[in-house]
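Please read this report alongside the sequence and the coordinates. It covers confidence, the nonpolar core and the pockets.

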Amino acid sequence: MVKRSIQAPFEATAGDPKHAARATRSAGRKTRSLLLDAASPLFKERGVSGASIADIATAANAFPSQITYYFRSKEALFVECACRELLYLARATEQAALKARSPREYTHALAETVTASDSVAFFAEALTLTRRRPDLAPLVERTIERLHVEGARAYASQVARHGWRSLRAPDESSRRFWAVAIGVILEGCAMGRSPDELCAEMLRVLGEQAKFTGDAARLRLVDDRDASTIADGES
């Protein structure tokens, strides 16, 4: 029986170069996605050193050469898998918080979703790897920036929708949330803490990011000079 495999990209034909080029790009995107799908669970289970290119190729029903063609190295594949998983998690946290009716529910939904996943710990491994492989850092930087932008957008939407007030601008709140998430989860994993313990610690560090003030209220952003005028209990 002939083994099926992911097809390598084919060259454009002279008869219809534009169509062939589009087909090549489409096939390439599909191949990359299939390789990422196969590699992520192996990396999570075994780490970057424990999962070989041969193992990943077998799981993807592909050839080892296709991994090096699309990702150059196993380390680059690892980092891309970790970045993709983190962005998937960010999308899931936004969805989990959509039904929140108060700032407390909103923050709890975010923290609970993030700490229930192993994606942040996976990404933390990629961060460590890029310290030794600076050529992989740009992908991590783009991922973190997208994480902050999307988080700020989601938070600003909730604030405007419910009329919450916040001492912090959405961008600052998003950056703070993910910095706390990465720090708490990385520390907690090293100490063997459960997801419930991680969630509780995140909520303790974060506190409330906003305070509900009624449907008719509008968002009020303040800086440090105005903070003293806000009543106690608002964050």
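Over which residues does pLDDT stay under 50, and how many contacts beyond four places in sequence does the model have for them? The stretch is residues 1–5, with 6 such contacts. Here pLDDT is the predictor's confidence in each residue, from 0 to 100, and contact means heavy atoms within 4.5 Å. Residues 209–235 also have pLDDT below 50, and the model gives this stretch 55 contacts beyond near neighbours in sequence. Where pLDDT is low, the predicted coordinates should not be read in detail.

This is a predicted model, in which local features need pLDDT of at least 70, side-chain atom pairs count only at pLDDT 80 or more, and totals for chains, interfaces and linings use all residues. Residues are numbered from 1 along each chain as its sequence is written, and side-chain values use heavy atoms, with hydrogens and water left out.

**Confidence by element**

The protein chain has a mean pLDDT of 82, and 77% of its residues reach 70 or more. Helices (H or I, at least four residues) and strands (E, at least two) are DSSP runs, numbered from the N terminus.

**Core**

The largest nonpolar core holds 53 residues, of which F43, L77, V114, V120, W178 and M202 touch the most other members. Helix 4 gives the most to this core, 11 residues. Such a core is a set of buried Ala, Val, Leu, Ile, Met, Phe, Trp, Tyr and Cys residues joined through side-chain atoms within 4.5 Å, where buried means under 20% relative accessible area (1.4 Å probe, protein chains only). Leaving aside residues up to four places away in sequence, F43 touches V48, A51, I56, K74, L77, F78, C81 and F122.

**Pockets**

A pocket is an open set of points on a 1 Å grid over the protein atoms alone, where a 1.4 Å probe fits, with protein on both sides within 12 Å along at least five of seven lines; lining residues have an atom within 4 Å of a point. A volume is the space filled by probe spheres set on the points.

| Pocket | Volume |
|---|---|
| Largest pocket | About 290 Å³ |
| Second largest pocket | About 150 Å³ |

Of the 14 residues lining the largest pocket, R84, L87, Y88, R91 and R146 are the closest to its centre. Helix 4 (74–97) and helix 7 (137–162) each supply at least two lining residues, and helix 4 has the largest share, 8 residues. The lining of the largest pocket divides into 6 nonpolar, 1 polar and 7 charged residues.

Terms used
Nonpolar A, V, L, I, M, F, W, Y, C, P; charged D, E, K, R; others polar. Buried < 20%, exposed > 50% of the residue type's maximum accessible area, 1.4 Å probe, protein only.
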